[in-house]
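I opened the model to look up what surrounds the ligand, and then went on to the aromatic rings. My entries follow in that order.

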Amino acid sequence: MRKKIVVTGGTGYIGSHTVVELVASGFDVVIIDNLFNSDITVLDGIHAITGVRPRFYDYDICDLTQLESVFAAEGQVDAIIHFAAYKAVGESVRKPLEYYRNNLVSLMNLLDMMERHNTPALVFSSSCTVYGQPDELPVTELSQVKEAASPYGYTKQAGEIIIRDTMAARPSQTAVSLRYFNPIGAHPTALIGEQPHGVPENLVPFITQTAIGIRDELKVFGNDYDTPDGSCIRDYLHVVDLARAHVMALQRMLEGKNKANYEVFNLGMGKGVSVLEAITAFEKATGVRLKYSVTGRRAGDIEKIWADPSLANRELHWKTEISIEEAMETAWRWENKLKNR
Ligand code: NAD
Ligand code: WQD
């Protein structure tokens, strides 16, 4: 019997890539997404890649009645992967209550479903944002969780605590929080990828939109940081590598190989890359010269952060396999695909 996985936010950027990997690994996938930040055509992309069109519910996870109807209709669910959330850091400062409500009510509703419907396992999308500016690099899972820089960041910190405390009260269930560093790139088929609405806040979509002519130039936010070239440093990883980590974390839990019923893993390449190095990687991978200039620092930016992913390497038997140049190349191919739609 195939294991059934409910994927919330499964038509979103990371969710859709994870659905592809889940289907390829033989899971029966059910997606719930209210299409707030994604498009129904993503299902066509998933179908074209995998040959499977997962069952899809256009429902809001914050609506308990809708959620209950999914779990009633689907019968036994073996695990939930919870991607659905609002994720724009800047917007969360302007609309904090919307972020707290959407990101936390959705999580609490799913934890309710797990109890009512005996769903044994949960994977939660957390973020390196929980570390703030770390005192020591690279960051391990034991590094201090710092004051968050935004309401969005607090929703991830609070989400982790809600899961930790709930799992402490439910010894027969298991959960993991996966702290993603900076996912970039698109599926190598260019059939799914990131589709930011409006002006992108994130670096790589801004780079590809500039290269294709949607934006005039990339503004590099600061070159006076305490880093070798003065620009900020991040840990960029390809979204397919990230997607594979979900399958590995899930399989480990379903096989009962987890060491505790609540665990946390960093997911990154383990390598710091500066903004200027990321631009060079894009140019090298694509042969396209990028127009950019340096401007002032962006408020709230962390100077430098990268992961120590050794716990995930060891426990999940996962490591990144795709280079930043390959990631840039897939992002570029996807941007070109979007243009021709
Ligand atoms: P995304 O916006 O592309 O995907 C999220 C999906 O959730 C969207 O399809 C949206 O329509 C859906 N959604 C939101 N609220 C919903 C609700 N109440 N009910 C049903 N569907 C809802 O975002 P993403 O980049 O794929 O991120 C996925 C998860 O990973 C999020 O939890 C995000 O906070 C986390 N994360 C993302 C990054 C990143 O850089 N992309 C980094 C760290 C963590
Ligand atoms: C990367 C680097 C910018 C745009 C965000 C969220 C965080 C997490 C990951 C979800 C930074 C620089 C960017 C531009 C630039 N997401 N930059 N010009 O800041 O690491 O984090 O995504 O959990 O919570 O805050 O990612 O892609 O926005 O920026 O110079 O136009 O690129 O200053 O150094 P960031 P990012």
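**Ligand contacts**

I started with Asp33: one of its polar side-chain atoms is 2.6 Å from an oxygen atom of ligand 1. This is a predicted model, so I take each distance as a computed value.

Phe36 contributes through its backbone, with an N or O atom 3.0 Å from an oxygen atom of the ligand. Asp60 uses its side chain: a polar atom there lies 2.9 Å from a nitrogen atom of ligand 1.

Next I checked the cover. Ligand 1 on its own has 820 Å² of accessible area, and the protein covers 96% of that.

I then asked which elements give two or more residues to the shell around ligand 1. They are α1 (13-24), β5 (121-127) and α6 (151-169). The largest share, three residues, is from β5.

**The shell**

I counted 27 residues around ligand 1. Asp33 is among the closest, together with Asn37, Ser38, Asn102 and Tyr152. Sorted by class, the shell holds 14 nonpolar residues, nine polar ones and four charged ones.

**Aromatic rings**

I looked up ring pairs and found five aromatic pairs, counting centres within 6.5 Å.

Last, I searched for a charge over a ring. The charged end of Arg297 is placed over the ring of Tyr225, at 3.9 Å from the ring centre.

Conventions
Residues are numbered from 1 along each chain as its sequence is written. Chains are lettered from A and ligands numbered from 1 in the order in which they are written. This is a predicted model: local features need pLDDT of at least 70, side-chain atom pairs count only at pLDDT 80 or more; totals for chains, interfaces and linings use all residues. Side-chain values use heavy atoms; hydrogens and water are left out. A residue is near a molecule or strand if one of its heavy atoms lies within 4 Å of it. A polar contact is a pair of N or O atoms within 3.5 Å; within protein, one must be able to donate a hydrogen and the other to accept it, and residues adjacent in sequence count only if both atoms are side-chain atoms. Accessible areas come from the Shrake-Rupley method with a 1.4 Å probe; for residues, only the protein chains shown count as cover. Helices (H or I, at least four residues) and strands (E, at least two) are DSSP runs, numbered from the N terminus. Ala, Val, Leu, Ile, Met, Phe, Trp, Tyr, Cys and Pro count as nonpolar, Asp, Glu, Lys and Arg as charged, and the others, Gly among them, as polar. Rings of Phe, Tyr and Trp (its six-membered ring) pair if their centres lie within 6.5 Å; planes under 30 degrees apart count as stacked, over 60 as edge-to-face and the rest as tilted. A charge sits over a ring if NZ of Lys or CZ of Arg is within 6 Å of the ring centre and within 35 degrees of the ring normal.
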